Amino acid sequence: MHNDIEKVVISEEEIQARVNELGAQLTRDYEGKKPLVICVLKGAFIFMADLVKRIEVPMEMDFMAVSSYGASTESSGVVRILKDLDVSVEDRDVLIVEDIIDTGLTLSYLINILEGRKAASIKVVTLFDKPARRSANMEADYKGFVLPDEFIVGYGLDYAEEYRNLPYIGVLKPHIYSK
Ligand code: 5GP
Ligand code: MG
Ligand code: MG
């Protein structure tokens, strides 16, 4: 285990098993369709890579980068688009792949934008859901794990851009935040 991690919250094996289940469910639900699967960078990139391998329908992928937190662990409520989509979402069945929904502000902002661009349908799959601090009226259509209000890192999720490469989800030792 990484020296900065206080405890592992979800193991690599548990994550992989749940990702496989979500992939199977999405395979059934998108049967006969050709979704545009959108990865919200950076946090969702590992989930995206593992999930799309388990969705067995034809699809296209695109990537969008947004920033809502800066380097801190608190949402600023201000969402910036750092990288927009390359392709049009008009008349497409869009599946947004998110790492985690906390306040929901980031996602509700994104969904608003994509609705304005006339997507045929918009669904959200998030690996982690933290409903405790939800302020936007926002529910994911598919979720991997519902978690308590605790700041987690690993499997794509960072603290000040570190720890994304951990294959599990963990909580940092408190002294790391006061650096
Ligand atoms: P929201 O707008 O829903 O409050 O936050 C969404 C984004 O905040 C996530 O995509 C993620 O980048 C970041 N975030 C929220 N909770 C956590 C957490 O527990 N750990 C990490 N590393 N990032 C989080
Ligand atoms: Mg995210
Ligand atoms: Mg972050």
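In which sense do strands β6 and β7 pair, and over how many bridges? They pair in the parallel sense, over four bridges. The views below show a predicted model, in which local features need pLDDT of at least 70, side-chain atom pairs count only at pLDDT 80 or more, and totals for chains, interfaces and linings use all residues. Residues are numbered from 1 along each chain as its sequence is written, and chains are lettered from A and ligands numbered from 1 in the order in which they are written.

**View 1. The open sheet.** Six strands form an open sheet in the order β4-β3-β2-β5-β6-β7, with mixed pairing. Strands are DSSP runs of E with at least two residues, helices are runs of H or I with at least four, and both are numbered from the N terminus; two strands pair if DSSP finds at least two bridges between them. β4 (80–83) and β7 (142–146) each have a single partner strand, so one side of each is left without a neighbour in the sheet. From one strand to the next, the twist averages 25 degrees.

**View 2. β6, β7 and helix α1.** T126 has K143 of β7 as its bridge partner. Helix α1 (residues 12–29) packs on the sheet and touches β6 and β7, its direction making about 160 degrees with that of β7. Axes are lines fitted to C-alpha atoms, for helices over the stretch in contact, with angles from 0 to 180 degrees between N-to-C directions.

**View 3. Surroundings of V97.** Beyond its neighbours within four places in sequence, V97 is in contact (C-beta atoms, placed from the backbone, within 7 Å) with residues including I38, F47 and V125.

Note on methods:
Contact = placed C-beta atoms within 7 Å.
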